[in-house]
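Biologist: I'm new to this, so please take it slowly. I'd like one overall number to begin with, and then a close look at a single part.

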Amino acid sequence: MKKILFFSTIILGFIATSCKVDDPFVDRVVAPVLVIFEDPSGTKTNGLTTEPSVTSSASTDASITVRLLELNKDGLLDYKVGIDSIPATAVPVTFKLRNGTKISDVTTDGTGRSTLKISWKSLGIATPAAGSSVQLACSATYKDVAFTKYFRLTATK
């Protein structure tokens, strides 16, 4: 009887410890803000895709605008109020190449926007042509939560 109790305890111990599995698909921290990219023409990319794409003219310096909005969900259950978007102001934003090379730091303004203007050569594209693209990252910290959003910058005519 003691042997059965002993082996039952061991088996239950193995079962209990084998049930804890880390989720391999949730290795990221959710950004505390909504990250919206805007190209010079005013087209917005809301970032609902895995890798948003921003366009900029190949004949001038590349221009990227990122807007950070905090979502106030206090009125979520009241259809008359809903979710309010509050600009995240004075947030330092760092733009980097995907290999980790820092490009520049910019700070969001009163509307939550920060704009980076940089030569295509600084992005690793010596002679940009329509269709040239570079993969970039935008990083910041808001309310003590660090986040990074990946995106692609593509040259247009």
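How much accessible surface does the protein chain have, and what share of it belongs to carbon and sulfur atoms? After that, please zoom in on strand β1, where Glu-38 lies.

Modeller: The accessible surface of the protein chain is about 10400 Å², and 58% of that belongs to carbon and sulfur atoms. Areas like this come from the Shrake-Rupley method with a 1.4 Å probe, and for residues only the protein chains shown count as cover. Keep in mind that this is a predicted model, where local features need pLDDT of at least 70 and side-chain atom pairs count only at pLDDT 80 or more, while totals for chains, interfaces and linings use all residues. Residues are numbered from 1 along each chain as its sequence is written, and side-chain values use heavy atoms, with hydrogens and water left out.

Here's the setting. The chain has 1 helix and 10 strands, in the order α-β-β-β-β-β-β-β-β-β-β. Helices (H or I, at least four residues) and strands (E, at least two) are DSSP runs, numbered from the N terminus. Of the 157 residues, 34% are buried; that word means under 20% relative accessible area, with exposed over 50% and partly exposed in between (1.4 Å probe, protein chains only).

Rings of Phe, Tyr and Trp (its six-membered ring) pair if their centres lie within 6.5 Å; planes under 30 degrees apart are called stacked, over 60 edge-to-face and the rest tilted. Phe-37 sits in strand β1 (residues 34-38) and Phe-151 in strand β10 (residues 145-156), so the pair links parts of the chain 114 residues apart. Phe-151 counts as buried too, at 0%. Phe-151 also pairs with Phe-95, edge-to-face, with 6.3 Å between centres and 85 degrees between planes. Phe-95 is buried at 1%, and Phe-37, Phe-95 and Phe-151 form one aromatic cluster.

Next comes Glu-38, also in strand β1. At 9% relative accessibility, Glu-38 counts as buried. Its side chain forms a salt bridge with that of Arg-113 (3.0 Å, N to O); the term needs a side-chain nitrogen of Lys or Arg within 4 Å of a carboxyl oxygen of Asp or Glu. Arg-113 lies in strand β8 (residues 113-118), so this bridge ties together parts that are 75 residues apart in sequence. Arg-113 itself is partly exposed at 24%. Leaving aside neighbours within four places in sequence, Glu-38 has contacts (heavy atoms within 4.5 Å) with residues including Thr-43, Lys-44, Val-54 and Ile-64.

One of the others joins Glu-70 and Lys-143 at 2.8 Å, N to O, linking strand β4 to the loop between β9 (133-142) and β10. Lys-143 is exposed at 57%. Elsewhere, Glu-51, Arg-98 and Arg-152 are linked in a network of salt bridges.
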